[in-house]
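These are my notebook entries on one protein chain. I recorded each item as I looked it up.

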Amino acid sequence: MIIGIDIGNTHIVTGIYDDEGKLISTFRIATNDKMTEDEYFSYFNNITKYNNVSIEKVNAVLVSSVVPNIIITFQFFARKYFKVEAIIVDLEKKLPFTFAKGLNYIGFGADRIIDITEAMQKYPDKNLVIFDFGTATTYDVLKKGVYIGGGILPGIEMSINALYGNTAKLPRVKFTTPSSVLGTDTMKQIQAAIFFGYAGQIKHIIKKIDEELNEEIFVLATGGLGKILSAEIDEIDEYDANLSLKGLYTLYQLNK
């Protein structure tokens with residue numbers, strides 16, 4: 001059995017894989033850099049027991065993190081409770097893609113590495129555009145297995161929180177699919193503008209990528225809120241909620 005841990009700025013998403021690499025359980029907890037390895041293990045142990053999944057025989061712990069100071073906590077976690085060294089995603093690993101000549105890839109995120117790894121595993125012959133709707137929304141573009149660029153923009157929840165946090169009276173709202181672009185009260189107007197504005201932004205980015213590449217592209221999306229948006233954006237060809245966790249395992253297999 002293998003544990004895959006994808007540490008984001010807001011949440012830590014964990015996958016438990018069987019010996020064949022199949023995801024048998026996933027769960028999400030809040031990212032907290034003040035917690036110890038013992039506290040994280042307590043969470044993991046309780047959640048897996050509740051889901052009738054045993055983590056007594058773990059062969060590997062895989063860690064992808066965009067929060068550097070939490071990595072050491074999970075290194076201690078792996079050593080103390082599973083007697084293994086955590087395998088950390090970084091650019092030193094064998095990757096299924098290369099970077100375009102002259103591109104500065106210093107600081108390239110582990111989350112993007114595992115997303116691209118799984119996308120390349122699934123669609124090795126396609127020109128890929130990969131959106132990850134997390135705390136920040138990222139998009140990455142690969143042309144025939146070569147990373148040629150991408151972008152980073154404020155995430156959906158970040159946009160909602162910025163609107164709430166920088167105004168005196170506007171409420172914090174839940175991101176949802178509105179029935180109309182014309183909101184009939186303050187809350188519905190924020191929801192409509194955030195949803196359709198964000199969808200329009202993504203559509204335009206895809207349009208500009210398509211024009212710049214001038215070749216057929218295949219657009220994948222992942223991330224917690226990506227499912228809601230993908231239903232609105234016809235240009236997104238596929239949504240995969242577990243793209244990152246699958247990519248974590250695929251990268252592990254590639255580097256065995």
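**Entry 1. Thr 48**

Which residues does Thr 48 touch, not counting residues up to four places away in sequence? I note first that the model is a predicted one. I found Thr 48 in helix H1, which covers residues 37-50. With residues up to four places away left out, Thr 48 touches Ile 16, Phe 27, Val 53 and Ile 55. I then looked up the accessibility of Thr 48, which is 1% in relative terms, so the residue counts as buried.

**Entry 2. Ile 7 and Val 67**

Ile 7 has a relative accessible area of 1% and is buried. I listed its contacts, leaving aside neighbours within four places in sequence: Ile 12, Thr 31, Val 63, Ser 64, Ser 65, Val 66, Val 67, Ile 70 and Phe 74. I also took one distance from Ile 7, to Ala 162. The two residues are 155 apart in sequence, and their C-alpha atoms are 23 Å apart in space.

Val 67 lies in the loop between strand E4 (60-65) and H2. Is Val 67 buried or exposed? Its relative accessibility is 12%, and buried means under 20%, so Val 67 counts as buried. Not counting residues up to four places away in sequence, Val 67 touches Ile 7, Gly 8, Asn 9 and Thr 31. I noted also that Val 67 and Asp 33 are 34 residues apart along the chain, with 8.4 Å between their C-alpha atoms.

**Entry 3. Helix H3**

Helix H3 runs over residues 110-122 and has 13 residues. From the first C-alpha to the last I recorded 19 Å, close to the 18 Å expected at 1.5 Å a residue. How many of the 13 residues of H3 are buried? The number is 11, so H3 is largely enclosed by the rest of the structure. Among the buried residues of H3 are Arg 112, Ile 116 and Met 120.

I then examined how H3 meets helix H7, residues 243-254. The two helices pack at an angle of about 80°, and their axes are 7 Å apart. Angles of 65 to 115 degrees count as roughly perpendicular, and H3 and H7 are therefore roughly perpendicular to each other. On the side of H3, the contact is made by Ile 113, Ile 114, Asp 115, Thr 117, Glu 118, Ala 119 and Gln 121. On the side of H7, the residues are Leu 243, Ser 244, Lys 246, Gly 247, Leu 248, Thr 250 and Leu 251. I sorted the residues of this contact into 6 nonpolar, 5 polar and 3 charged.

**Entry 4. Two annotated residues**

I consulted the UniProt record, an unreviewed entry, and it lists Asp 111 under "active site". Asp 111 has its place in helix H3. Asp 111 is buried, with a relative accessible area of 18%. Apart from neighbours within four places in sequence, Asp 111 is in contact with Ser 64 and Val 66.

The unreviewed UniProt entry also has a "binding site" annotation, which covers Asp 132. I located Asp 132 in strand E7, residues 128-133. Asp 132 is buried, and its relative accessible area is 11%. Which residues is Asp 132 in contact with, leaving aside its neighbours within four places in sequence? They are Asp 115, Thr 137, Thr 138, Thr 222, Gly 223 and Ser 244.

**Entry 5. Helix H5**

Helix H5 covers residues 186-213. At 1.5 Å a residue, its 28 residues should span 40 Å, and the end C-alpha atoms are 40 Å apart, which agrees. I noted the buried residues of H5, including Ile 190, Phe 195, Tyr 198, Ile 202 and Leu 213. What covers the buried residues of H5 includes E7, E8, E9, helix H4 (156-165), strand E10 (218-222) and helix H6 (226-230).

**Entry 6. Positive phi values**

Most residues other than glycine have a negative phi. Lys 83 has a positive phi, near 55°. Lys 83 is in the loop between helix H2 (68-82) and strand E5 (87-88). At 67% relative accessibility, Lys 83 counts as exposed. Lys 144 has a positive phi of about 50°, and I found Lys 144 in the loop between strand E8 (136-143) and strand E9 (146-154). Lys 144 is exposed, with a relative accessible area of 58%.

Note on methods:
Residues numbered from 1 in each chain as written. Predicted model: local features only at pLDDT ≥ 70, side-chain atom pairs only at ≥ 80, totals over all residues. Heavy atoms only, no water. Helix = DSSP H or I, 4+ residues; strand = E, 2+ residues; numbered from the N terminus. Expected span 1.5 Å × (residues − 1). Buried < 20%, exposed > 50% of the residue type's maximum accessible area, 1.4 Å probe, protein only. Axes fitted to C-alpha atoms, helices over the stretch in contact; angles between N-to-C directions. Parallel < 35°, antiparallel > 145°, perpendicular 65-115°, else oblique. Contact = heavy atoms within 4.5 Å. Nonpolar A, V, L, I, M, F, W, Y, C, P; charged D, E, K, R; others polar. UniProt positions renumbered as here; feature names shortened; annotations may be inferred.
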